[in-house]
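Please read the report below alongside the sequence and the coordinates.

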Amino acid sequence: MSTQDLEQRFQDRIDAGEKIEPKDWMPEKYRKTHIRQISQHAHSEIVGMLPEGNWITRTPTLRRKVGLLAKVQDEAGHGLYLYSAAETLGISRDEMTEQLLCGKAKYSSIFNYPTLSWADIGAIGWLVDGAAIINQVMLTRTSFGPYARAMVRICKEESFHQRQGYEIMLTLCRGTAEQKAMAQDALNRYWWPAMMMFGPRDEESPNTAQSVKWKIKRKTNDELRQQFVDITVPQAEFLGITVPDPEMKWNEDRGHYDFGAIDWDEFWQVVKGNGPCNKERIAARQKAWDDGKWVREAAMAYSQSQENKTQSKIA
């Protein structure tokens, strides 16, 4: 069967809503696209632990500490699910980590911003996890089976994280004037980076059209961004704080909110490694990688010894 016939049969399966499994034939570009997307998602979960982990020792109450510990632990689990899904496509976890550390692989730009106050933890849960849910719910129906199945559990936990963050913001907004000002300040700083989480505009996203055709994505970047705005602005109004966009207004004709221009120069600077915390985040991951070398070596040595014992018994 020719490559063209295989590609047509593959597309027919996609169009029919079938899931593609690791041992199925797939175009090389489909495999590489998923490796890029899933590894980027996994890296984002792991790097995303850093700005929140920074506040575990400084939470205002024991209840908040337990909640934040649980959330960071969930994110570690998400990263492991996703690395495992990517490994089914023929790439090792070591290779994915090395690609992250050398800058070849990316992670979500949002995690290159600092957490300056406790309100930032609320804003991250509300805005960042809220944006993640919008991005990720559609991935429970993505065409690659291992990725879709991993996303079912991840989305359930992300939904809880979003509610946790919103509850922190609500508590602050119902507190003192100073606490409400903290919440407003966090929204001011995290709103636009959250808007950038959906990626570049559709006309500047080289992968969107093919990803939609292969049902890797079900909606485009701009469609997802609009959905985020429509959901989040009324939530901000309920909190009594203001989205930092003077052009934000409801458009009755469109049935959506209109919003101002995103600073794409800032987005690309952060993506290229020039954000406020890029170097800090990669340095932390490099240190963890280096410090964990002996653990990896010990695990491999133990695995090899167990395999040798098994072979000896067989012999």
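The sections that follow describe a predicted model.

## Basis and confidence

Residues are numbered from 1 along each chain as its sequence is written, and side-chain values use heavy atoms, with hydrogens and water left out. Because this is a predicted model, local features need pLDDT of at least 70 and side-chain atom pairs count only at pLDDT 80 or more, while totals for chains, interfaces and linings use all residues.

The mean pLDDT of the chain, pLDDT being the predictor's confidence in each residue on a scale from 0 to 100, is 94, and 100% of the residues reach 70 or more. Among the elements of the chain, the highest mean pLDDT, 98, belongs to helix 8 (residues 177-196), and the lowest, 83, to helix 9 (residues 208-213). Helices here are DSSP runs of H or I with at least four residues, numbered from the N terminus, strands being runs of E with at least two. Where pLDDT is low, the predicted coordinates should not be read in detail.

## Packing of helices 4 and 6

Helix 4 (residues 62-87) and helix 6 (residues 118-137) have axes that come within 13 Å and cross at roughly 45°; axes are lines fitted to C-alpha atoms, for helices over the stretch in contact, and angles run from 0 to 180 degrees between N-to-C directions. The two helices are therefore oblique to each other, given that angles under 35 degrees count as roughly parallel, over 145 as roughly antiparallel, 65 to 115 as roughly perpendicular and the rest as oblique. Helix 4 contributes Arg64, Leu68 and Lys71 to the contact, and helix 6 contributes Trp118, Ile121, Ile124, Gly125 and Asp129, where contact means heavy atoms within 4.5 Å.

Lys71, in helix 4, counts as buried at 2% relative accessibility; buried means under 20% relative accessible area, exposed over 50%, and partly exposed in between, with a 1.4 Å probe and protein chains only. Leaving aside neighbours within four places in sequence, Lys71 is in contact with Ile124, Gly125 and Asp129, and also with Glu52, His161 and Gln164.

## Packing of helices 2 and 7

Helix 2 (residues 28-47) packs against helix 7 (residues 145-173) at an angle of about 25°, with the axes 13 Å apart, and the pair is therefore roughly parallel. On the side of helix 2 the contact is made by His34, Gln37, Ile38, His41 and Glu45, and on the side of helix 7 by Tyr147, Met151, Ile154 and Glu158.

Leu82, which is found in helix 4, touches residues of this contact: apart from residues up to four places away in sequence, its partners are Ile38, His41, Ala42, Glu45, Tyr147, Met151 and Ile154. Leu82 is buried, with a relative accessible area of 0%.

## Helices 12 and 13

The axes of helix 12 (residues 278-291) and helix 13 (residues 293-314) come within 4 Å and cross at roughly 40°, so the two helices are oblique to each other. Their contact is made by Trp289, Asp290 and Asp291 of helix 12 and by Lys293, Trp294 and Arg296 of helix 13.

Asn278 is also placed in helix 12, and at 7% relative accessibility it counts as buried. Leaving aside neighbours within four places in sequence, Asn278 is in contact with Tyr107, Asn112, Val270 and Gly273.

## Loop residues and cysteines

Ile56 has its place in the loop between helix 3 (49-53) and helix 4, and counts as buried at 18% relative accessibility. Not counting residues up to four places away in sequence, Ile56 touches Lys65, Leu68, Leu69 and Val72. Ile56 and Gln11 are 45 residues apart in sequence, and their C-alpha atoms are 47 Å apart in space. In the loop between helix 9 and helix 10 (221-239) lies Lys215, which has a positive phi of about 60° although it is not a glycine.

A search of the whole structure finds zero disulfides, a disulfide being a pair of cysteine sulfur atoms within 2.5 Å. Cys102 is exposed, with a relative accessible area of 60%, whereas Cys155 is buried, with a relative accessible area of 10%.
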